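Please keep the sequence and the coordinates in view while reading.

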Amino acid sequence: DRITEIFNEIDVDGSGCITLHEFAEHLEDDHTKAYFDSLGLDASDVWTLFKLMDADSGHEIDLEEFTSGCLRLRGGATSLDLAKLAHDQEQLCKHLRRFIGRTDRALVQLTGGRMCSLDTFPERA
């Protein structure tokens, strides 16, 4: 499989994982660049591409993350992708507003209606 071949080429030390250093180094290679271009992946922002592929935030990309990342990120964003992103963002904002409201109410209850400011709390050494 071509994705596995590219992964193995990037994984120079044979550890089964790609580090950011290995990833950045091989994205300078014309062969690797051409492969990412053929998938419609913009490899110019190495750090962002690496973070998006690093699904578990482990600072390394294993073969499964690499494969799913290449397949998930290939091509440009469609209007459906953008609409889903906007919807998810709106849902997140709604949840955050509710959380902030509950937190504010709990703070008022805990302080007996007195509003606290950060000035009232002692500095930590």
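Two residues are said to be in contact when they have heavy atoms within 4.5 Å of each other. A residue is called buried when its relative accessible area is under 20%. The model under discussion is a predicted one.

The buried residues of H3 are Thr32, Tyr35 and Phe36. Viewed down the helix axis, these residues fall within an arc of 95°, so they line one face of H3. That buried set packs against H1, H2, H4 and H5. On the face turned away from the buried side, H3 carries the exposed residues Asp30, Asp37 and Ser38. Just beyond the helix, Gly40 adopts a positive phi of about 80°.

Thr32 counts as buried because its relative accessibility is 0%, the cut-off being under 20%. Leaving aside residues up to four places away in sequence, Thr32 touches Ile10, His26 and Leu27.

Helix H5 can be read in a similar manner. Within this helix, residues 63–73, the buried positions are Glu65, Phe66, Gly69, Cys70 and Leu73. They cover an arc of only 125° around the axis, and therefore lie on the same side of H5. Their packing partners are H1, strand S1 (17–18), helix H2 (20–26), H3, helix H4 (46–53) and strand S2 (61–62).

Just after the helix, Gly75 takes a positive phi of about 75°. Leu71 is also located in H5, but this residue is partly exposed, with a relative accessible area of 42%. Between the C-alpha atoms of Leu71 and Ile10, which are 61 residues apart along the chain, the separation is 17 Å.

How many salt bridges does a search of the whole structure find? The search finds three. One of them joins the side chains of Glu5 and Arg2, with an N to O distance of 2.8 Å. Both residues lie in helix H1 (residues 2–10), three residues apart, which is about one turn of the helix. Glu5 is partly exposed, at 43% relative accessibility, as is Arg2, whose relative accessible area is 30%.

Helix H6 holds another such pair. Here the side chains of Asp88 and Lys84 meet in a salt bridge, again 2.8 Å from N to O. Four residues, or about one turn of the helix, separate Asp88 from Lys84 within H6. Asp88 is partly exposed, with a relative accessible area of 35%, whereas Lys84 is exposed at 52%. A further salt bridge links the side chains of Arg97 and Glu90, at 3.3 Å from N to O. Glu90 has a relative accessible area of 37% and is therefore partly exposed.

The surface also has a nonpolar feature. Leu96, Phe99 and Ile100 form a nonpolar patch there, and together they have about 290 Å² of accessible area. Of these residues, Ile100 is placed in helix H6, which covers residues 79–110. Ile100 counts as partly exposed because its relative accessibility is 42%.

Note on methods
Residues numbered from 1 in each chain as written. Predicted model: local features only at pLDDT ≥ 70, side-chain atom pairs only at ≥ 80, totals over all residues. Heavy atoms only, no water. Patch = residues over 30% accessible without salt bridge, like charges linked within 9 Å, V, L, I, M, F, W, Y side chains within 5 Å. Areas by Shrake-Rupley, 256 points an atom, 1.4 Å probe, with all protein chains shown as cover. Salt bridge = Lys/Arg side-chain N within 4 Å of Asp/Glu carboxyl O. Helix = DSSP H or I, 4+ residues; strand = E, 2+ residues; numbered from the N terminus. Buried < 20%, exposed > 50% of the residue type's maximum accessible area, 1.4 Å probe, protein only. Arc of directions from axis to C-beta.
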